[in-house]
Structures are given as C-alpha cells and as structure tokens.
Amino acid sequence: MNISRWPVLFSTQRTQTDEEIASSTGLRINIVRKVLYDLFGKALITGIRVKDEKKGWFVYRWRARKDEVDNFIENQKKKIVERLQQRLDYENSADFYHCGTADCQKLTFEKALDLSFKCPTCGKLVNLSKNEKLKKALQSKIDQLRGDLKH
Ligand SMILES: [Zn+2]
C-alpha cells in the first residue's frame, strides 16, 4: 500500500495502537493490522508491548521510524527516476510511427516498413511521431524528482 495513505501514522512521533489507527483513518482493523505487519516487515515502524490498563491485556503501540521512512521514500523516488529515465532514453533512441488514433500502438521504423506504413489496428497510414510533448513531460518529471532528492 502507498505510504502516503498513512499520514496518521507517519506525521506523528506519538505511538498508536492498531485500534487508534483504525478509528482515526476509518479503515477496518484487519486492514490496519495487515499494513502494520507489512510496514514492520520493512522496518518502517517499531512496536512496544504495553499493558492496556482498561482492558487488562497487552497491546502493541506503534511508531514510525522517521529515518527509515525518509530513506524508504528516497529510494522509491530514485527507482521512479530510473524508470522515467529509461523510458526517456527509449523515446530518444529511435523514431516512432503512429496513425494518430489514441488507442493504437506506436511502431518502430522497421515495423512500420514491414507493414507498408499502415496501422495494424485501424488501417490508417502512420506518420513519423515526434513525441516532443511526452519527452518534455518525462524530462520535467525527472528534473523535479532529482531536485527533491538529497545527494
Ligand atoms: Zn491506428
């Protein structure tokens, strides 16, 4: 699950029980437990066992490990930058041909030649597609994420 959906847990250094998290997020307790287990497995949270004075039994109080969470998010961002860069390199690596229909696929020059420059899906002629918009969008996202990353 996306970590950003857990601001209740990660915005505070206060410890919380699964029941407290369930009531403040509105999520079902079994979902909360599943996610806590997952986060614990990733070493993003720590738990302390304490006695619930009202109920008389032991419960776990959870807290985000701030440094680990920051590292985790940092690594996720690095992975995204890598993937975007690969896509941009791919787009830059060759010319592509497209019929102009949104749902149809782009063709490499070799593929387009094989098909006599006819779209295999809709049958329209394909033209050289510049992809400048996509490349610009990829580059700007990469720049933005790189700017966010600490070095
Ligand atoms: Zn087409």
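**Close-up views of a predicted model**

**View 1. Ala43 sits in the loop that links α3 to β1.** The model shown here is predicted. α3 is followed by Ala43, whose phi is positive, near 60°. Most residues other than glycine have a negative phi. Ala43 is not a glycine, yet its phi is positive. Is Ala43 buried or exposed? Ala43 is exposed, because 12 other C-beta atoms lie within 10 Å, and a residue counts as exposed at 12 or fewer.

**View 2. α3 shows buried residues on one face.** α3 covers residues 29-41. The 13 residues of α3, at 1.5 Å a residue, should span 18 Å. The end C-alpha atoms of α3 are 18 Å apart, in agreement with that value. Which residues of α3 are buried? They are Val32, Val35, Leu36 and Leu39. Down the axis of α3, these buried residues fall within an arc of 105°, so they line one face of the helix. Asn30, Tyr37, Asp38 and Gly41 lie on the other side of α3 and are exposed. The cover over the buried residues of α3 includes α2 (18-25), β1 (45-51) and β2.

**View 3. Nine residues make up the largest nonpolar core.** In soluble globular proteins, nonpolar side chains tend to be buried together. The members here are Ile21, Val32, Val35, Leu36, Leu39, Leu44, Ile45, Trp62 and Ala64. α3 and β2 (58-64) each supply at least two residues of this core. Which element gives the largest share? α3 does, with four residues. Leu44 is one of the core members. Leaving out residues up to four places away in sequence, Leu44 touches Leu39, Ala64, Arg65, Glu68, Val69 and Phe72. Another core, of five residues, lies apart from the largest one. Among its members are Leu107, Ala112, Cys119 and Val126.

**View 4. β1 and β2 form an antiparallel hairpin.** How many bridges join β1 to β2? Seven bridges do, and the two strands run antiparallel. Val50 stands opposite Val59 in β2. Lys51 stands opposite Phe58 in β2. Six residues lie between the strands of this hairpin. In the hairpin, Gly56 takes a positive phi near 85°.

**View 5. β4, β3 and β5 form an open sheet.** The three strands follow the order β4-β3-β5, with antiparallel pairing. Which strands stand at the edges? β4 and β5 do, each with a single partner strand, so one side of each has no neighbour in the sheet. Strands of a sheet pair through backbone hydrogen bonds. Three bridges hold the antiparallel pairing of β3 and β5. Across this pairing, His98 stands opposite Asn127 in β5.

**View 6. Ala102 and Ser116 lie in two loops.** Where is Ala102? Ala102 is in the loop between β3 (96-98) and β4 (107-108). Ala102 is exposed, because 6 other C-beta atoms lie within 10 Å, and the exposed class takes in counts of 12 or fewer. From Ala102 to Asp143 there are 41 residues in sequence. In space, Ala102 and Asp143 are 27 Å apart, C-alpha to C-alpha. Ser116 belongs to the loop between α5 (109-114) and β5 (127-129). Phi of Ser116 is near 55°, a positive value in a residue other than glycine. Ser116 is exposed, because 8 other C-beta atoms lie within 10 Å.

**View 7. The chain is divided into domain 1 and domain 2.** Domain 1 covers residues 3-64, and domain 2 covers residues 68-148. What separates their centres? Taken over C-alpha atoms, the centres are separated by 40 Å. Six residues of domain 1 are in contact with four residues of domain 2.

Technical notes. Residues are numbered from 1 along each chain as its sequence is written. This is a predicted model: local features need pLDDT of at least 70, side-chain atom pairs count only at pLDDT 80 or more; totals for chains, interfaces and linings use all residues. A nonpolar core is a set of buried Ala, Val, Leu, Ile, Met, Phe, Trp, Tyr and Cys residues joined through C-beta atoms within 7 Å. A residue is buried if 20 or more other C-beta atoms lie within 10 Å of its own, exposed if 12 or fewer, and partly exposed in between; C-beta atoms are placed from the backbone. Two residues are in contact if their C-beta atoms, placed from the backbone, lie within 7 Å. The expected span of a helix is 1.5 Å times one less than its number of residues. The arc is that of the directions from the helix axis to the C-beta atoms. Two strands pair if DSSP finds at least two bridges between them. Domain bounds come from an automatic or database domain assignment.
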